[in-house]
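Hi,

Here is the model we talked about, with my notes on what turned up in it below. Have a look when you get a moment.

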Amino acid sequence: MSDAIDRRILAQLARDSDLTSAALGEKVGLSASAAHRRVAQLREAGVIAGYRAILSHEARGRPSIVMVNVTLKDQRQETMAAFEREILRCPEIVECFLMSGEADYMIQVEVRRDDSYERIHRETLARLPGVTRLASHFVIREVVRRS
């Protein structure tokens, strides 16, 4: 980011990526064409990585969220790489984080209404390479989502 205007542009787009160039320019004190040019420069520089529609869990048919702490048998590079390769093939796993602390990874699993966590646990998670422990935590309610 080069200046305060770019930071204001990014803050506005983070809140509402559907803003037109005219609306964005008005919010940050630029003309529509100047706002459009700045956004294009931010995209070209890789600061803006993309845009996406954030669908509700209901719209995706996946209202239940389970956070799972995963412990591997060891932390060798081969073990971790095999685990990471395999989770990319699991559509129910929507996020995965390498963690510090007791668990090696934390994954977010989304369970559709027509599916069950028991099936996902038995047929997918328990079969991931290197896994020795899974600790599941069911989300009661989402409080904040900023992305």
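The buried residues of helix 2 (residues 21-28) are covered by elements that include helix 1 (4-15) and helix 3 (32-44); contact here is heavy atoms within 4.5 Å. This is a predicted model, so local features need pLDDT of at least 70 and side-chain atom pairs count only at pLDDT 80 or more, while totals for chains, interfaces and linings use all residues. Residues are numbered from 1 along each chain as its sequence is written, and side-chain values use heavy atoms, with hydrogens and water left out.

Which residues of helix 2 are buried? They are L24, G25 and V28, where buried means under 20% relative accessible area (1.4 Å probe, protein chains only). These residues sit on the same side of helix 2 because they span an arc of only 100° around the axis, taken from the directions from the helix axis to the C-beta atoms. After helix 2 comes G29, with a positive phi near 85°. Helices (H or I, at least four residues) and strands (E, at least two) are DSSP runs, numbered from the N terminus.

Now to the strands. Strand 3 (residues 105-111) has 6 of its 7 residues buried. Strand 1 (residues 64-72) runs antiparallel to strand 3, joined by 7 bridges; two strands pair if DSSP finds at least two bridges between them. M67 has Q108 of strand 3 as its bridge partner. Strand 2 (residues 93-98) is also antiparallel to strand 3, with 5 bridges, and F97 stands opposite M106. Strands 2 and 3 form a hairpin with 6 residues between them, and G101 in the turn has a positive phi of about 100°.

Best wishes

Conventions: Buried means under 20% relative accessible area, exposed over 50%, partly exposed in between (1.4 Å probe, protein chains only).
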